[in-house]
Structure formats: structure tokens, C-alpha cells
Amino acid sequence: VIGNVASASQKGSTFTAALVSDIGKFNDKGFNENQLAGLNEAKAKLGVKTIALQSNSSSDYLPNLTTAVREGANIVSAAGYLLAPTEATVAAQFPNVDFTITDDSVKGPDFAKAKSVANIEGLVYASNQSGCLVGYLAGLMTKAKGGKQVIGATGGIEIPAVDDYIVGYNYCAKL
């Protein structure tokens, strides 16, 4: 798909990329906001048209995903694991549109029920490794200051990517 984006922008094509936020919204100072920044960068650097649809509640997932398709998106990105069940359903209804989802491998139960996941790409990374780096740094900083050695981390909601991050953080903070 990325090759299609680059060649489309060079030709002045009407390639359209859409992003649907999870319930964290686009002003969350992190996950959703960073993905929106990436979408805006694609617009600025590649000249693609963009559609950004914010989900204020989980009931917005279905209308936002279908709106993106109906407005002509060639690729629709779901910002996170929470959109998995809905995206699996919508992607099956629109097999000629490419979909992505952050923090989901598309191998889990939400996609097992889908008729097909051929048009969905899961975007995952080893979140336990980044958690480990942050945990190790936190442990070093605590030891350097002396005194009581207490650190902590807040992970937000319980989803696999966040849980894996916390596991890495806890493990490496003790090293």
C-alpha cells in the first residue's frame, strides 16, 4: 500500500487515507494524537487526501469506519485494539478497501470470527521491549537518588499491548 501512496501522490492522484480514533480521542497527548500527526504528515509530505474521524464513544466506531469508506478512503486505519471487533465486520463488508489496526495482530478472537482478514494488516510492535527500556531507566534514576527505592507505572486500560508494556517495565526496573 505504501508504494501506492507514493506513486499516487506523484501523479496528483486522489489517494485517500483515513484514521478512526479509539475512545481516547485525538487530543489524548499520546496514542491517538501521535497517529493523527502521522496522518497529517502523510498529507503534507505525500499529498494524499486525509479523513480523520474521532470516536467519542465505542458506539462511534461503526459509523466512523463506514463513513471513511463511503467518503472514498483507499485505506482506513483503526487507532487501536478496541476497534478490532467492529473493524473485522466492516472490512468484511468492503473487501476492496485496505484496513490497518494498531496494536492488534489480527490473529486473535475478534478476527477469527471474520469471514476474511485478507484486507486487514495488523500493526504491532514488541511493547514489552519499550516498557523494559523505560523501566530500566526508572530503576537507574531511583538508585542514583538514593533513599527509598519506589517506582511505579500507570498503564491505562487493560489490553494486550499495555499489559505487555507493564510486564517489560516491571521486569527491567528490577535489574
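User: Let's start with the second largest pocket: which helices each supply at least two residues of its lining?

Analyst: That would be α2 (31-46) and α7 (160-173). Keep in mind that we're looking at a predicted model.

User: And which element gives the largest share of that lining?

Analyst: α7 does, with four residues.

User: What's the volume of that second largest pocket, and which residues sit closest to its centre?

Analyst: The volume is about 380 Å³. The lining has 20 residues, and the closest to the centre are Phe31, Asp103, Gly155, Ile159 and Val162.

User: OK, switching to threonine 102. Where is that in the fold?

Analyst: Threonine 102 belongs to strand β4, which covers residues 98-102.

User: Buried or exposed?

Analyst: Threonine 102 is buried, because its relative accessible area is 14% and the cut-off for buried is under 20%.

User: What is threonine 102 in contact with, leaving aside neighbours within four places in sequence?

Analyst: Its partners are Phe31, Gln35, Ala78, Ala79, Gly80, Tyr81 and Leu123. Phe31 has already come up, as one of the residues closest to the centre of the second largest pocket.

User: What about lysine 174, is that one buried or exposed?

Analyst: Lysine 174 counts as exposed, since its relative accessibility is 71% and exposed means over 50%. You'll find lysine 174 in the segment after α7.

User: How far apart are lysine 174 and valine 97?

Analyst: They are 77 residues apart in sequence, and their C-alpha atoms are 46 Å apart in space.

User: Let's zoom out. How many helices and strands does the chain have, and what pattern do they follow?

Analyst: There are seven helices and five strands. Along the sequence, the pattern reads α-β-α-β-α-β-α-β-α-β-α-α.

User: What box do the C-alpha atoms fill?

Analyst: Roughly 60 × 35 × 30 Å, taken along the principal axes.

User: What percentage of the residues is buried, and how much accessible surface is there?

Analyst: Of the 175 residues in the chain, 38% are buried. The accessible surface comes to about 10100 Å², and 55% of that belongs to carbon and sulfur atoms.

User: Last one: how many positive and negative side chains are there?

Analyst: The chain has 14 positive and 15 negative ones, and the centres of the two sets lie 5 Å apart.

Conventions
Residues numbered from 1 in each chain as written. Predicted model: local features only at pLDDT ≥ 70, side-chain atom pairs only at ≥ 80, totals over all residues. Heavy atoms only, no water. Buried < 20%, exposed > 50% of the residue type's maximum accessible area, 1.4 Å probe, protein only. Areas by Shrake-Rupley, 256 points an atom, 1.4 Å probe, with all protein chains shown as cover. Lys, Arg positive; Asp, Glu negative; His and termini not counted. Charge placed at Lys NZ, Arg CZ, Asp CG, Glu CD. 1 Å grid on protein atoms, 1.4 Å probe; cavity = no way out; pocket = protein on both sides within 12 Å on 5 of 7 lines; lining within 4 Å. Points joined across faces, edges and corners; volume = space filled by probe spheres on them. Contact = heavy atoms within 4.5 Å.
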